[in-house]
Amino acid sequence: MTQLPSNPDAVRAAPCAGLRIGDPAPDFSARSTAGDIRLSDFRGRWLVLFSHPADFTPVCTTEFVALARAAGDFAERDCALMALSVDSLFSHFAWLRMIRDRFDVEVRFPIVEDPTLVIGRAYGMVAPQDNDSGTVRTTFFIDPEGVVRAMTCYPANVGRSTPEMLRTLDALQAVDAGSVLAPANWEPGDDLLQQPSALLDDVFAAPGQTDWFLAQASSGKRK
């Protein structure tokens with residue numbers, strides 16, 4: 001499990017892990033705006049874990065307003081949200097108070113403090129030579145088994161798309177419901193694709209040139 005070491009030299013020397021799709025999400029425990037939290041407590045449901053460069057920054061503020069307003073959409077998909085940055089817990093509190101007062105929305109999903117960067121480095125959110133996470137805006141889609149299923153990474157000056165985060169989650173859940181594939185620009189209700197056959201006889205027997213590998217499956221409805 002990822003710890004929060006008190007030795008700054010050990011933290012600076014920690015490698016950038018560089019997670020890949022299919023890797024187990026590193027477990028950790030830390031303080032958050034929702035109290036002490038442990039990643040493995042979210043097993044059994046989907047989790048979107050995302051980093052933001054810093055509190056009280058313009059793009060991050062718009063992201064958190066958008067995600068707070070869409071929190072119910074993620075909950076309908078049995079998916080929790082969890083944010084992380086290097087800022088302290090009390091900085092998080094002050095920022096969330098400002099968001100509530102200015103935008104009339106409460107951010108209730110947990111925001112984890114990571115002042116030592118150890119969580120960010122364990123997830124490859126921070127390069128080894130960096131002293132802060134100001135250049136990183138990374139999102140991990142973690143399935144109910146604790147496995148990383150998708151990742152996105154944006155520069156600090158480009159905000160995430162909440163609709164695309166929901167679409168990615170919908171697509172992951174749709175393909176998990178059967179041996180199917182989600183094509184480009186897929187949305188819930190659109191047709192999915194069948195897995196292509198690995199048998200030469202099926203290839204020759206297909207009525208059209210592309211039917212053996214580009215056949216539609218039943219429409220994918222959101223779970």
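**Is Phe90 exposed or buried, and what is its relative accessible area?**

The structure is a predicted model, in which local features need pLDDT of at least 70 and side-chain atom pairs count only at pLDDT 80 or more, while totals for chains, interfaces and linings use all residues. Residues are numbered from 1 along each chain as its sequence is written, and side-chain values use heavy atoms, with hydrogens and water left out.

*Solution.* Step 1: recall the classes, in which buried means under 20% relative accessible area, exposed means over 50%, and partly exposed lies in between (1.4 Å probe, protein chains only). Step 2: Phe90 has a relative accessible area of 58%, so this residue is exposed.

**Exercise 1. Classify the ring pair of Phe90 and Phe93.**

*Solution.* Step 1: a pair of aromatic rings is described by the distance of the centres and the angle of the planes. Step 2: rings of Phe, Tyr and Trp (its six-membered ring) pair if their centres lie within 6.5 Å; planes under 30 degrees apart count as stacked, over 60 as edge-to-face and the rest as tilted. Step 3: the centres of Phe90 and Phe93 are 5.9 Å apart and the planes stand at 70°, so the pair is edge-to-face. Step 4: Phe90 and Phe93 are three residues apart in helix 4, and therefore about one helical turn separates them. Helices (H or I, at least four residues) and strands (E, at least two) are DSSP runs, numbered from the N terminus. Step 5: Phe93 has a relative accessible area of 37% and is partly exposed.

**Exercise 2. Describe the pair of Phe64 and Phe109 among the aromatic pairs of the structure.**

*Solution.* Step 1: the whole structure contains eight aromatic pairs. Step 2: in the pair of Phe64 and Phe109, the ring centres are 5.7 Å apart and the planes are at 40°, so this pair is tilted. Step 3: Phe64 belongs to helix 2 (residues 58-69), whereas Phe109 lies in the loop between helix 4 (89-103) and strand 5 (111-113); the pair links distant parts of the chain, 45 residues apart. Step 4: Phe64 and Phe109 are both buried. Step 5: together with Phe50 and Trp95, these two residues form one aromatic cluster.

**Exercise 3. Describe the salt bridge of Arg45 and Asp78.**

*Solution.* Step 1: the side chains of Arg45 and Asp78 meet at 3.5 Å, N to O. Step 2: Arg45 lies in the loop between strand 2 (37-38) and strand 3 (46-51), and Asp78 in the loop between helix 3 (71-76) and strand 4 (79-85), so parts 33 residues apart in sequence are tied together. Step 3: Arg45 is partly exposed at 28% relative accessible area, and Asp78 is partly exposed at 39%.

Note on methods: A salt bridge is a side-chain nitrogen of Lys or Arg within 4 Å of a carboxyl oxygen of Asp or Glu.
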